[in-house]
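Colleague: Take a close look at one part of this model for me, please, and then tell me how it sits in the whole.

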Amino acid sequence: MITHLFVYGTLRQGQQRWRYLAPFVVDDGHDGSAPGVLYDTGHGYPAARFDRAGSIRGRIYTLDADRLDECLQLLDEVEAVVFDLFRRVVVTTSTAIEAWAYEYCGTSQFPEIDSGDWLRFSCPGSGPDSR
């Protein structure tokens with residue numbers, strides 16, 4: 001059973017959709033990455049494709065196993081899985097953890113976020129290597 005979630009955008013702590021994920025998280029999570037490319041949709045959220053060469057930076061959380069179905073059902077709704085905007089996929093993170101993640105279903109008509117880090121892109125000057 002996969003009980004981890006890799007988040008890279010609006011589900012990250014401090015972002016607008018964190019409130020949906022927070023009740024199901026059982027740890028502080030840890031930074032990590034997953035193979036893929038991150039895109040700027042221009043709509044206030046990023047789009048990830050995990051079937052491309054590159055690296056997406058994010059955070060990996062352990063989910064409450066007893067509430068896993070409830071969590072994934074809610075996140076599927078929040079991430080518009082029912083409208084085929086995103087789909088839930090399994091990724092292997094840089095720390096060798098298999099985790100759920102949400103992948104954009106469309107083509108990559110959006111500009112790539114070179115750093116692979118939505119927080120660094122969306123909040124310039126707030127990243128760990130900002131000055």
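Modeller: Start with Cys71: its sulfur is 18 Å from the closest cysteine sulfur, the one in Cys105, which is too far for a bond. Seen from the other end, Cys105 has Cys71 as its closest cysteine partner, again at 18 Å and too far for a bond. A disulfide here means a pair of cysteine sulfur atoms within 2.5 Å, and by that rule the count is 0. (Buried is under 20% relative accessible area, exposed is over 50%, and partly exposed is in between, using a 1.4 Å probe and protein chains only.)

Before going on, a word on what this rests on: it's a predicted model, with local features needing pLDDT of at least 70 and side-chain atom pairs pLDDT 80 or more, while totals for chains, interfaces and linings use all residues. Residues are numbered from 1 along each chain as its sequence is written, and side-chain values use heavy atoms, leaving out hydrogens and water.

Another buried spot is Ser33, at 15% relative accessibility. Ser33 belongs to strand E2, residues 30-35. Skip its neighbours within four places in sequence, and Ser33 still has contacts (heavy atoms within 4.5 Å) with Phe6, Ser55, Ile56, Arg57, Thr93 and Ser94.

Now for the whole chain. Contacts between residues 24 or more positions apart make up 67% of those with a separation of 6 or more. There are 3 helices and 7 strands, in the order β-α-β-β-β-β-α-β-β-α. (These are DSSP runs numbered from the N terminus: H or I of at least four residues for helices, E of at least two for strands.) The chain's radius of gyration is 14 Å, close to the 14 Å the globule rule gives for 131 residues, so the chain is as compact as a globular protein of that length. That radius is over C-alpha atoms, and the rule is 2.2 Å times the number of residues to the power 0.38. Along its principal axes, the C-alpha trace spans about 40 × 35 × 25 Å.

As for cover, 47% of the 131 residues are buried. The chain exposes about 6,800 Å², 48% of it from carbon and sulfur atoms; that area comes from the Shrake-Rupley method with a 1.4 Å probe.
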